[in-house]
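Q: Could we go through this model together? I would like to start with a charged side chain and then move on to helix packing.

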Amino acid sequence: MHGPSSGSTGPDPKRQAILRAARSDFVSKGFADTRIEPIARRAGVSTATLYALFSGKDDLFAAVIDDAAEDFGRQMAGVRAIEGDARAQLTSFGEAYATFMGDPFVRSVFRLVMAERPRFQAVAMGFFEHGQREFGSTLICLIKALRDRGELGPVEHPSRAAGAFLGMVEHPVFFVPLVTGDAVQVKRTNAQIVADAVDTFLARWGPPAQG
């Protein structure tokens, strides 16, 4: 359990400062090279305070992942509330997904899973899969709603359509830098990647042309 203590009326500022400092170090240094003392120093707390909140580096890492998942959950709330036609809604969704999949922290978590499989597989993959589930279920619901309003064609398999759209976005923003270690940068911006994905999606699943 990594939440604030019972009786707390909101997030503990010290805890949040520690999580932000730890998140930065885990991303830039990896798990093995991250040290507790520098995190406490940059967070402006004593090591005793840090250990009072987190039992050790493993616990801190798990809490950092939990905190990041909450951040992306708040991001998803904004995506669900978007208004507009099919192109506007798909674009808004695609940009949020590109931001999630392109976040260096997400790639770092995935890499840490590969490096620290026995210790962190459940925690890290849970975070990664949670994010994908959140986006996947949101997109499927969006596709069904657009289909039912007549803004898309029949779309017999919304999950397949959603998977195709997600794949067009995640390949350049996630898998290319993951495989290359960020050495190869995709020339298209996230906005261009999403625009191309929306164009391709609507060409395949948009409403039939009137004529």
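Q: Is R20 buried, partly exposed or exposed, and at what relative accessibility?
A: R20 counts as partly exposed, at 39% relative accessibility. The classes are buried for under 20% relative accessible area, exposed for over 50%, and partly exposed in between, with a 1.4 Å probe and protein chains only. This is a predicted model, in which local features need pLDDT of at least 70, side-chain atom pairs count only at pLDDT 80 or more, and totals for chains, interfaces and linings use all residues. Residues are numbered from 1 along each chain as its sequence is written, and side-chain values use heavy atoms, with hydrogens and water left out.

Q: Which residue does R20 meet in a salt bridge?
A: The partner is D67, at 2.2 Å from N to O. A salt bridge here is a side-chain nitrogen of Lys or Arg within 4 Å of a carboxyl oxygen of Asp or Glu.

Q: Which parts does that pair tie together?
A: R20 lies in helix α1 and D67 in helix α4, so the pair ties together parts 47 residues apart in sequence. Helices are DSSP runs (H or I, at least four residues), numbered from the N terminus. D67 is buried, with a relative accessible area of 6%.

Q: How many salt bridges are there in the whole structure?
A: The search finds eight. Among them is D25 with R42, where the closest N and O atoms are 2.3 Å apart. That pair links helix α1, which holds D25, to helix α2, which holds R42, across 17 residues. D25 is buried at 4% relative accessible area, while R42 is partly exposed at 47%.

Q: Which residues are linked with D25 in a network?
A: K29 and R42 are linked with D25 in a network of salt bridges.

Q: And what about R87, which residue is its partner?
A: R87 forms a salt bridge with D199, with 2.7 Å between the closest N and O atoms. R87 is in helix α5 and D199 in helix α9, 112 residues apart. R87 is partly exposed at 41%, and D199 is partly exposed at 38%.

Q: Changing topic: at what angle do α5 and α8 pack?
A: Helix α5 (residues 86-101) and helix α8 (residues 158-180) pack at about 35°, with their axes 9 Å apart. Axes are lines fitted to C-alpha atoms over the stretch in contact, and angles run from 0 to 180 degrees between N-to-C directions.

Q: Which residues meet there?
A: From α5, L90, F93, G94, Y97, A98 and M101 meet F165, L166, V169, E170, V173 and F174 of α8. The residues of this contact divide into ten nonpolar, one polar and one charged. Contact means heavy atoms within 4.5 Å.

Q: What does Q132 touch?
A: Q132, in helix α7, touches Y97, F100, M101 and E170, leaving aside residues up to four places away in sequence. The C-alpha atoms of Q132 and Y97 are separated by 8.9 Å. Q132 is partly exposed, at 27%.

Q: Finally, how many residues does the largest nonpolar core have?
A: The largest nonpolar core has 62 residues, and those with the most contacts inside it are L60, F127, L139 and F201. Such a core is a set of buried Ala, Val, Leu, Ile, Met, Phe, Trp, Tyr and Cys residues joined through side-chain atoms within 4.5 Å. Helix α7 gives the most to this core, with ten residues.

Definitions and conventions:
Helices (H or I, at least four residues) and strands (E, at least two) are DSSP runs, numbered from the N terminus. Ala, Val, Leu, Ile, Met, Phe, Trp, Tyr, Cys and Pro count as nonpolar, Asp, Glu, Lys and Arg as charged, and the others, Gly among them, as polar.
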